[in-house]
Amino acid sequence: MKKHNFYAGPSILPGEVYEKSSEAIRDFAGTGVSILSISHRSTEFGEVMERARSLVKELLSLDDDFEVLFLQGGASMQFLQVPYNLMHHKSAYLETGTWASRAINEARYFGETVVVASSKDKQFRYIPKDYTVPSDADYFHITTNNTIYGTQMHEIPETEVPLVADMSSDIFSRVLDFNRFGLIYAGAQKNMGPAGTVMVAVRKSLLGKTGRRIPTMLDYETHIKKASMYNTPPVFAVYASMLTLEWVKKQGGVEAMEKINKEKSDLLYAELDRNPLFEPFVAKEDRSMMNVTFDLKDERVKPLFDRLWNEAGIVGLKGHRSVGGYRASLYNALPLESVKVLVEVMQETERKA
Ligand SMILES: *Cc1c(COP(=O)(O)O)cnc(C)c1O
């Protein structure tokens, strides 16, 4: 790949994932058939699914109460599948962005939904810190990284109730005590693989408590019983995700990812703080290591900056349509080199402006 790929999602994957999955399209695991054309019930694919599930458990050091699933419908389906399976009477949510708002809207179909705090009043430029989670809530839902705004939760709240997290855009990017969570979900296309699957890690001990009848496909228990193969899984997306997880493991796991992600984001934020042409979008203490949002102070510099980064082979720097400005997504697979190129472009813009 010749470009410096800063897209927010679908987004950059490790080079070897492109190579190995291309090869698997021609000939999957020496079977003589394409990964696109093999039965999901074949031994070879069965091994892929098992390997992908166990790599998630291993990389996140999840205890044995957790089951890992690869489902469809994206993170957006989890907005409703979570309350369907976990909410008996009441749920609690922290509103830190558009994705959180959407999750809240879905939860309201299932029962009382308390928004404990929201940063909507300030365009989601910070993470609310002072709030109380009702102790009778069935769970508390957070979004650990807000892809659109570029904020990230650096403190995971202590709660009495089970913690549910949308980790779509920072899964496998940093070390957390993942066993503190009751359920974690992440759409693959940000930091784990191509679009088409969502990873769900759920504690078995939380299920079966709502008294609600759940349609088969939306019931986590269905998929747990069938080892995530109740119906045809998104074969290619799971395969490419498995390759990415293998790559993460080879790099030294989540700890190694965190180290390099910190280096990348420190480099870019330092330039944003230094360079008088730019201003970062969010509160300093809540800055995301994954999605760095910023804008030019003077719109007149825009044609110059845009020309220079395009010429440097950078793609995907445009901010989300609801925020504007710029967003550089620094997911695991983005090399430090690409961040250096961006920083150089910012410095060149300063010299030429
Ligand atoms: C992208 C994203 C989503 C939506 O994911 P889909 O797979 O498109 O449904 C939800 N939450 C977060 C944090 C995201 O970044």
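The chain carries 43 positive and 46 negative side chains, with the centres of the two sets 3 Å apart. Lys and Arg are counted as positive and Asp and Glu as negative, while His and the chain ends are not counted; each charge is placed at NZ of Lys, CZ of Arg, CG of Asp or CD of Glu. The model is predicted, with local features requiring pLDDT of at least 70 and side-chain atom pairs pLDDT 80 or more, whereas totals for chains, interfaces and linings use all residues. Residues are numbered from 1 along each chain as its sequence is written, and side-chain values use heavy atoms, with hydrogens and water left out.

The C-alpha trace spans about 65 × 55 × 30 Å along its principal axes. Buried residues account for 57% of the 353 residues (buried, under 20% relative accessible area; exposed, over 50%; partly exposed, in between; 1.4 Å probe, protein chains only).

The chain has 10 helices and 14 strands, assigned as DSSP runs (helices, H or I, at least four residues; strands, E, at least two) and numbered from the N terminus. Helix α10 (residues 336–352) contains E350, which counts as partly exposed because its relative accessibility is 28%. Beyond its neighbours within four places in sequence, E350 is in contact (heavy atoms within 4.5 Å) with R274, N275, P276 and L277. L277 lies 73 residues from E350 in sequence, yet their C-alpha atoms are 6.7 Å apart.
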